[in-house]
Amino acid sequence: MVLPYVHDVTEHEQVPILFDQITRDLGGLDLIIYVAAVQPPVALHEYNFEKDEAMLRTNLLGAVAWLNQAALRFEQARSGHIVGISSIAGDRGRVGSPVYNTSKAGLNTYLEALRNRLTRFGVTVTTIKPGFIDTELLKNAPKTFWVISPDEAAAQVYAAIRRRSQVVYVPPRWRLVGLIVRSIPSSIFRRLNF
Amino acid sequence: MTDVNYIPSKQGARHNPARTMIELPAEHLERLSSWGGVASGMSYVFRPSTPDSLHEVLLLARRSGRTVGLRGGGNSYGDAATNNENIVVDLRRMKRILDWNPATGRIRVEPGVTLSDLWQYIIEDGWWPPVATGTSYTTMGGSAAMNVHGKNAFKAGPIGDHIIEFDLMLTSGETITCSREENSDVFHAAIGGFGMLGIFTSITMQMKRIYSGLLEVETCTRADLSEMFGYFNQHASESDYIVGWIDSLAGGKSIGRGDVHRANYLAPGMDPHPAQTLRTENQHLGPNLFGVLPRSVMWLLMRPMVRNAGMKVVNKGKYLAGSFSGVKKYQQPHVQFHFLLDYIPDWKKAYEPGGLIQYQPFIPKETAYDAFSEILSLCRRRGLPNYLTVLKRHRPDDFLMSYAVDGFSMAMDFRVTDENRQRVVWLARELDDIVIGAGGRFYFAKDSTLRPETAEAFLGEERITRFRELKRRCDPDGILETDLWRRVFG
């Protein structure tokens with residue numbers, strides 16, 4: 001059974017009542033996945049607050065609005081599973097997409113904090129860090145590789161949820177990329193063009 | 001744990017919640033489960049302490065578009081006191097004794113007063129609750145709503161037979177007084193109406209006069225079901241209480257064998273020291289079992305036993321020990337005779353993680369022997385013997401949603417695991433057919449598996465229609481609901 005609801009995740013004040021409505025319509029809640037994100041094209045010398053605000057409001061604050069509700073409920077239920085679709089882009093701040101990186105880094109830290117808060121209450125928090133997935137978002141990406149289809153990505157996310165994993169790269173080979181990217185010293189990283 | 005699949009969850013209030021309705025405070029969300037622990041879910045739980053604060057919860061329910069389920073001690077084995085994703089009113093804080101007359105034994109209590117509170121309040125005046133359930137944690141509101149019975153059901157009937165009048169708050173906030181004379185139709189339907197017509201805010205009952213804190217108890221064993229029935233038939237007229245404990249793992253010729261306990265009140269003068277035996281301090285279960293084992297850890301020792309092989313050994317040992325010692329007679333404090341389920345605190349934990357359900361059919365005396373024999377052998381054939389089987393004698397009553405018959409009931413505890421869950425459900429359906437075929441009935445305090453068509457088969461369309469009409473009158477917007485209501489009548 002699928003119940004669709006039309007909602008703009010940047011309308012944060014609507015979240016509590018809609019969350020309430022959905023949990024009731026479903027007759028409970030065991031799992032929540034936050035998937036919403038935007039990445040408008042941003043030029044190398046562009047500092048456009050409107051675009052930046054849209055990314056933060058959707059990618060980060062929307063997640064906080066929804067997952068706070070879930071966290072409160074799952075803590076009281078002593079069970080539940082929170083999944084946030086973040087990105088490999090949150091592993092490092094890069095020249096091409098400062099605020100997109102910020103929104104995903106913020107999301108990673110937020111999910112980590114939720115995990116640290118909620119594990120003791122029997123709640124699982126999974127951070128998913130996809131690489132390039134063949135969606136609308138890729139249209140704005142300058143160069144891509146290791147692209148996988150949304151169906152394949154979904155299958156890997158589903159498997160991660162079943163395993164109750166904590167942090168998962170999709171596909172897994174991005175874990176190594178993430179490790180390397182995070183290990184590069186800033187003195188070198190700031191000279192790179194990616 | 002999530003809802004079990006055989007308890008379909010039909011969520012949503014009938015009073016058509018609009019999207020503009022207010023949200024409920026999330027800090028009231030709690031996980032509530034059926035007593036047996038098989039089903040659980042999240043609810044907004046409120047614990048009012050006065051009728052006014054109770055009324056406020058009803059108003060909140062309207063404004064939030066949620067239904068309200070009522071909960072007392074939470075001792076219903078199934079889903080009678082849960083209302084997933086909606087409001088649950090836990091009435092245990094409304095626990096005042098409003099009036100007590102030690103000369104007449106008439107008492108007026110709020111719904112959250114427990115059986116334990118009640119007997120402790122009255123016993124030193126020489127009175128005892130006329131009906132005592134196997135646990136003393138039940139509340140009077142829950143007891144009236146379920147119309148509970150005790151081991152004296154054949155003689156004293158259910159608790160409703162001892163209720164003189166009650167005040168019922170309707171979902172409009174109005175409170176009506178009901179008795180056999182005033183609002184008699186609501187009186188006979190709210191008792192046993194599993195909290196669907198209104199909320200008891202006060203209940204007036206007649207207590208039973210006693211002349212000692214002790215009961216004269218006799219125990220013995222019976223070799224099979226026909227001996228068991230014979231004992232009940234022979235002794236019912238001369239006993240105040242009778243209960244049979246059947247070893248349901250025994251098969252063949254021994255099917256239905258077990259222990260019988262019967263007890264009588266002491267007549268005036270039989271107890272030389274009634275003032276002492278009636279002291280609350282002298283009514284206790286004792287801190288230890290067999291003098292050494294702390295009762296609080298006993299459930300851990302039960303854990304390895306609640307499986308077929310373990311229970312076979314326990315039951316056989318118990319039966320052999322009983323038959324070896326023959327007929328035993330002794331005097332026992334009321335509390336020790338009645339509250340056997342309180343002996344081992346948290347004993348249901350032995351059934352975790354799956355939990356347990358109870359199946360308790362009530363069958364007329366003419367067909368009971370054949371039906372119970374068939375039930376016991378079917379459970380064995382299906383590889384699902386139950387671990388605690390209690391036989392009781394009953395008399396009919398005049399309540400609308402009555403479960404009682406002039407006959408017997410057999411309460412059976414089934415362990416539920418992920419592996420056997422579906423088989424237990426199928427077995428319950430097969431058992432339903434036997435019970436309905438024998439003219440039997442069911443008890444909502446225990447039920448987890450009843451389907452709408454089975455409920456209609458035993459209650460009859462006419463009774464259900466009358467109950468629905470009364471519900472429309474008392475609760476026109478359908479505010480009062482539980483998971484049980486949605487499962488069986490939704």
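**Backbone features, helix packing and salt bridges**

A:Pro171 sits in the loop of chain A that runs between strand E4 (167-170) and helix H5 (174-183), and the peptide bond that joins A:Val170 to A:Pro171 is cis, with an omega of about -10°. The model is a predicted one, and the points below should be read with that in mind.

- As background, most peptide bonds are trans, and most residues other than glycine have a negative phi.
- In chain B, a cis peptide bond leads from B:Glu352 to B:Pro353, with omega near 5°, and B:Pro353 is placed in the loop between helix H10 (334-338) and strand E18 (356-359) of that chain.
- A:Trp146, a residue other than glycine, has a positive phi near 50°, and A:Trp146 belongs to the loop between strand E3 (123-130) and helix H4 (150-163) of chain A.

**Packing of two helices in chain A**

- Helix H1 (residues 15-26) and helix H2 (residues 49-77) of chain A pack with their axes 9 Å apart and at an angle of about 50°, which means that H1(A) is oblique to H2(A).
- The crossing of H1(A) and H2(A) is right-handed.
- On the H1(A) side the contact is made by A:Val15, A:Pro16, A:Leu18, A:Phe19, A:Ile22 and A:Thr23, while H2(A) contributes A:Ala65, A:Trp66, A:Gln69, A:Ala70 and A:Arg73.
- Sorted by class, the residues in this contact of H1(A) with H2(A) are 8 nonpolar, 2 polar and 1 charged.

**Interface between the chains**

- In the contact between the chains, 22 residues of chain B meet 17 residues of chain A.
- About 1,600 Å² of area is buried between chain B and chain A, and carbon and sulfur atoms give 44% of that area.
- Between chain B and chain A there are 2 salt bridges, and the side chains of B:Glu85 and A:Arg73 form a salt bridge with an N to O distance of 2.3 Å.
- A:Arg73 is also among the residues of H2(A) that make the contact with H1(A).

**Salt bridges overall**

- Side chains of opposite charge can pair when their charged atoms come close.
- Over all chains the count comes to 35 salt bridges.
- Within chain B, the side chains of B:Lys95 and B:Asp117 meet in a salt bridge at 3.9 Å, N to O.
- B:Lys95 lies in the loop between strand E4 (87-90) and strand E5 (97-101) of chain B and B:Asp117 lies in helix H2 (residues 115-122) of chain B, so this pair ties together parts that are 22 residues apart in sequence.

Key
Residues are numbered from 1 along each chain as its sequence is written. Chains are lettered from A and ligands numbered from 1 in the order in which they are written. This is a predicted model: local features need pLDDT of at least 70, side-chain atom pairs count only at pLDDT 80 or more; totals for chains, interfaces and linings use all residues. Side-chain values use heavy atoms; hydrogens and water are left out. Axes are lines fitted to C-alpha atoms, for helices over the stretch in contact, and angles run from 0 to 180 degrees between N-to-C directions. Helices (H or I, at least four residues) and strands (E, at least two) are DSSP runs, numbered from the N terminus. Angles under 35 degrees count as roughly parallel, over 145 as roughly antiparallel, 65 to 115 as roughly perpendicular and the rest as oblique. A crossing is left-handed if the near helix is turned anticlockwise from the far one by less than a right angle, and right-handed if clockwise. Contact means heavy atoms within 4.5 Å. Ala, Val, Leu, Ile, Met, Phe, Trp, Tyr, Cys and Pro count as nonpolar, Asp, Glu, Lys and Arg as charged, and the others, Gly among them, as polar. Buried area is the accessible area (1.4 Å probe) that two parts lose on being put together, summed over both. A salt bridge is a side-chain nitrogen of Lys or Arg within 4 Å of a carboxyl oxygen of Asp or Glu.
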